[in-house]
Amino acid sequence: MNSLLPSTFSLLPSPSAFLPHHSHGFSYLASPTSFTFSNKERRCLRNDGPVETAPKFELKPPPYPLNALEPIISQETLEYHWGKHHRAYVENLNKQIAGTDLEGKSLEDIIVISYNKGDILPAFNNAAQAWNHDFFWESIKPGGGGKPSGDLLKLIERDFGSFERFIDELKIAATTQFGSGWAWLAYKDNRLDVGNAVNPLATEEDKKLVVVKSPNAVNPLVWGYYPLLTIDVWEHAYYLDFQNRRPDYISLFIDKLVSWEVVSSRLEQAKVLIAEKEKEDERKKREEEEELLTGGSRAQMYPYSDAEGIVE
Ligand SMILES: [Fe+2]
């Protein structure tokens, strides 16, 4: 299962878990507002304590040979795209976080922390691009394409009307992303589409598939969504093979390369994570209610203690 999702990073605490491998679980992503940085913190994320050697992120090869996606994506493209661009993101990230408070954290943690509610910190671009590319390589396979089945197909038909309409929407997102960026299929359990907003009254109806596009390195993790599929529309992904014909690249990518088995597996894992998150939220809510009740009882037992103290 872990081969289905980004698992490049030996640092990750739970390599078999779904996309957010971070040590705090996915609920961490649901409350990104907990991260705030003062100006001082922005300047000084660097540790002053003794230098510890944390494991570095590693560049993992795609789960197929570099010539396996031909003739759609050439070996030469993979040699540049994975061998140089992806490698640079990982290497630069390791340099950027060395000796800072981010060192030793999972990649997903680094992404959410350094996204910083849209006011991004220096490590964000390399961290997100390292994650995005792993996710991208694992989204496709030689001989992919076709049509999904099972729950994924049912949800696609429910949320987009039909598989064909979904594909149209995905193609539009990928072709209209201005400049560099990504197109995504993601699963969300939050009605709000505004940045890091948290829906206080989430319902079952909020859970749905969405197509979104994102500029540069941004990915749906920063909004608390569960990414299922991505298309890299940076020019480095297709220019050697398609030059400026981005729509042709996108069509062939969808028709011949997407691994719907991987996308289905990610959806199932997202559902499990959401169920766990809901269970945890429910537990916290019960605890808070019990705390309130207990506090209330104490207050009623000694309602006049202050006044009595005054009399004495
Ligand atoms: Fe790329």
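Analyst: Let's start with a term: a helix here is a DSSP run, H or I, of at least four residues, numbered from the N terminus. And keep in mind that this is a predicted model.

User: Okay, so where do Phe163 and Phe166 lie?

Analyst: Both are in helix 7, residues 163-176. They are three residues apart, about one turn of the helix.

User: Why is the aromatic pair of Phe163 and Phe166 called tilted?

Analyst: Their ring centres are 6.0 Å apart and the planes make 50°. Rings pair if their centres lie within 6.5 Å, and planes under 30 degrees count as stacked, over 60 as edge-to-face and the rest as tilted. So 50° lands in tilted. Both residues are buried, too.

User: What makes the pair of Tyr238 and Tyr239 tilted?

Analyst: The centres sit 6.5 Å apart with the planes at 45°, so this pair is tilted as well.

User: Switching to the iron ion, which residues are its protein donors?

Analyst: His81 (NE2), His133 (NE2), Asp232 (OD) and His236 (NE2), at 1.9 to 2.1 Å from the ion. Donors have to be within 2.8 Å of the metal, so these qualify.

User: Why is the site of the iron ion called tetrahedral?

Analyst: The angles among its four donor atoms are 89 to 129°. The ideal angle for four tetrahedral donors is 109.5 degrees.

User: What does the pair of His81 and Asp232 tie together?

Analyst: His81 lies in helix 3 (residues 75-97) and Asp232 in strand 3 (residues 226-232), so the pair ties together parts that are 151 residues apart in sequence. His81 is buried at 1% relative accessible area, and Asp232 is buried at 0%.

User: How do you know that the span of helix 3 agrees with its residue count?

Analyst: At 1.5 Å a residue, its 23 residues should span 33 Å, and the end C-alpha atoms are 31 Å apart, which agrees. There's a bend of about 30° at Arg87, though.

Technical notes:
Residues numbered from 1 in each chain as written. Predicted model: local features only at pLDDT ≥ 70, side-chain atom pairs only at ≥ 80, totals over all residues. Heavy atoms only, no water. Donors = N, O, S within 2.8 Å, 3.2 Å for Na, K, Ca; no water. Tetrahedral: all angles 85-135°; square planar, octahedral: opposite > 155°, others 65-115°. Helix = DSSP H or I, 4+ residues; strand = E, 2+ residues; numbered from the N terminus. Buried < 20%, exposed > 50% of the residue type's maximum accessible area, 1.4 Å probe, protein only. Expected span 1.5 Å × (residues − 1). Bend = angle between axes of the 7 residues up to and from the residue.
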